[in-house]
Amino acid sequence: MAANDKARANMNNDRSHGSGIDRRRFLAGAAAGVAVAAMDRSGRAATETVNTFDLETAPAEVAIAGADYPKTGVFAFNGQVPAPVLRVKQGERLRVAVRNGLDQGTTVHWHGVRLANPMDGVPHLTQPPIGPGETFVYEFEAKDAGTFWYHPHANSAVQVGRGLYGALVVEEHAPVPVDREVLWVLDDWRLRDDARIAPFGNWHDLSHAGRIGNTVTINGKVPDTFKVTGGERIRLRLVNAANARVFGLQFRGHAPWLVALDGHPVAPKPVNGGAVVIAPGARVDLVIDMTAKPGENFDVVDSYYRRFAYKLTEFVYGEDGPIRAQALAPPHRLAANPVAAPALDRAKRFDMTFTGGAMGGMTGATLRGRRLTMRLLAEKGMFWAIDGVAVPNMEEGDPGEPLLTLERGSGAILRWRNDTAFDHPIHLHGHSFHVVSRNGAPLAQPVIRDTVLIPPQQHVDVAFVADNPGDWMLHCHILEHQQSGMMGYIRVEA
Ligand SMILES: [Cu+2]
């Protein structure tokens, strides 16, 4: 887990270089950050930490498949897959200069971060693409604490699929005390025998479950074992950066505490025997107590696709320990992020239906104002629609009309219906939403998310306050589905 070691090394650097307004940051391959003290408008001695980071996209060669294979040609930020972990404290600002060293346009989208629309990183909708050799500076405040991530939103299936992604960790002011924090960025690659990345864009991937790969990685490497010490408490941040694979992790012999979903705290509850489901784009924070005995080993299994369950990694207990005699009390609930709660009785209701794909029964859809049969759509590489409209790849410059327009500050409940034969993790930009019901049954404990997995023929109600003006993308985070029609945007009036 070299990348984890690196993440920890960064954290240590932060601490050893002081705290507060004068903090400097060092990231492998990234420029050091600077901090700025500012006065607020009242002249009060306000201090504001601005964390600066430099990122550069470029082709690179990295060892993904292990020592027995050649390196893999990827796209990387700063030569690394995953990209450097950007780590700040809640309420601080980030200023990230992104230089594009690719031969195609790119952007960076800050997944799950509620920021101003021009910083959202959707080409043609919120900014022009960053051309080859050009630089764009993103600047925003990390309002919400939690586990987030960043990735391009241009030619996404290829750019993310080739390795352009990284985690953004926003630390709480009062985190759960743990002995160790670990970040696993999960990905799924389709590699050929020579460890090169297989070509993208085949129609089977577009029209079925997306590009499911054959090589799963944690932090850019085929995982080996994961060493633990008896008695230790670990916070495990999980990010699913895969194009299409849903993970369902079972931690054999352990009962992890679920503490946050998509960065937003939940009342801690133990995951007993069930799987921790992480859809593409989603994040899950767990607190795991290593309660077994020295020398014992336990598999971590991904069993989401039941017929294809496999061992992801293995917890290997060292001979030392346990480091504490008594079990720890349950972790405390993290402080809620400042997400407005919509008044459900006054919120406007909207239905949004997702159709298409193989075995989906869709007969046709509207593309650029023309009604086309499924066969004609397929000839154009389009297989999916939202409310009967297949959106041409807006990443290529044709956003079309908004799916709906909301008055600023109004409450909205969207019923998202999956009328297809496949899973769809639906992601909304610029807002975090309350998942209030599934298939008409209210959730006992509504959760706040930015990406919600909707299984075939099910529907989910999500509610939010449209408090962030601008045009916000709404799409399936299976990037092949997004590319072939399952995307659009909503407009929140200024
Ligand atoms: Cu989808």
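Buried means under 20% relative accessible area, exposed over 50%, and partly exposed in between, with a 1.4 Å probe and protein chains only. The model is predicted: local features need pLDDT of at least 70, side-chain atom pairs count only at pLDDT 80 or more, and totals for chains, interfaces and linings use all residues. Residues are numbered from 1 along each chain as its sequence is written, and side-chain values use heavy atoms, with hydrogens and water left out.

**Exercise 1. The salt bridge of E314**

Task: Is E314 buried or exposed, and with which residue do its side-chain atoms meet in a salt bridge?

Solution. 
Step 1. E314 has a relative accessibility of 14% and counts as buried.
Step 2. A salt bridge is a side-chain nitrogen of Lys or Arg within 4 Å of a carboxyl oxygen of Asp or Glu. The side chain of E314 meets that of K311 in such a bridge, at 2.9 Å from N to O.
Step 3. K311 is partly exposed, with a relative accessible area of 45%.
Step 4. Elsewhere, salt bridges that share partners join R87, K89, E171, E172, E181, R235, R237 and D285 into one network.

**Exercise 2. Other salt bridges**

Solution. 
Step 1. The search of the whole structure gives 28 salt bridges. Side chains of opposite charge can pair when their charged atoms come close.
Step 2. Helices (H or I, at least four residues) and strands (E, at least two) are DSSP runs, numbered from the N terminus.
Step 3. E139 is partly exposed, at 27% relative accessible area.
Step 4. R196 forms a salt bridge with D194, with 3.1 Å between the closest N and O atoms. R196 is partly exposed at 46%, and D194 is partly exposed at 31%.

**Exercise 3. The copper ion**

Task: Which residues coordinate the copper ion, and how are the donor residues spaced in sequence?

Solution. 
Step 1. Donors are N, O and S atoms within 2.8 Å of the metal (3.2 Å for Na, K and Ca); water is not among the atoms, so sites may look incomplete.
Step 2. The copper ion is coordinated by ND1 of H424, SG of C476 and ND1 of H481, at 2.0 to 2.1 Å.
Step 3. The spacing of the donor residues in sequence is H-x51-C-x4-H.
Step 4. C476 is buried, with a relative accessible area of 0%; H481 is buried, with a value of 0%.

**Exercise 4. Domain 1 against domain 3**

Task: What are the domains of the protein chain, and how many residues of domain 1 are in contact with domain 3?

Solution. 
Step 1. The domain assignment, automatic or from a database, gives domain 1 (2-173), domain 2 (181-317) and domain 3 (348-492).
Step 2. Contact means heavy atoms within 4.5 Å. In domain 1, 21 residues are in contact with 26 residues of domain 3.
Step 3. Buried area is the accessible area (1.4 Å probe) that two parts lose on being put together, summed over both. For domain 1 and domain 3 this is about 1700 Å², 57% of it on carbon and sulfur atoms.
Step 4. Zero salt bridges are found across this interface. A polar contact is a pair of N or O atoms within 3.5 Å; within protein, one must be able to donate a hydrogen and the other to accept it, and residues adjacent in sequence count only if both atoms are side-chain atoms. Eleven residue pairs, both residues at pLDDT 80 or more, are in polar contact across the interface.
Step 5. On the side of domain 1 that touches domain 3, the elements giving two or more residues are β5 (109-111), β7 (146-151) and α2 (156-161). The largest share of that side, three residues, comes from α2.

**Exercise 5. Q159 and G133**

Task: Where is Q159 found, and which residues does G133 touch beyond four places in sequence?

Solution. 
Step 1. Q159 is in helix α2 and is buried, with a relative accessible area of 0%.
Step 2. Leaving aside neighbours within four places in sequence, the contacts of Q159 include F75, L102 and L164.
Step 3. G133 is in the loop between β5 and β6 (135-141) and is partly exposed, at 42%.
Step 4. Not counting residues up to four places away in sequence, G133 touches R99 and N100.
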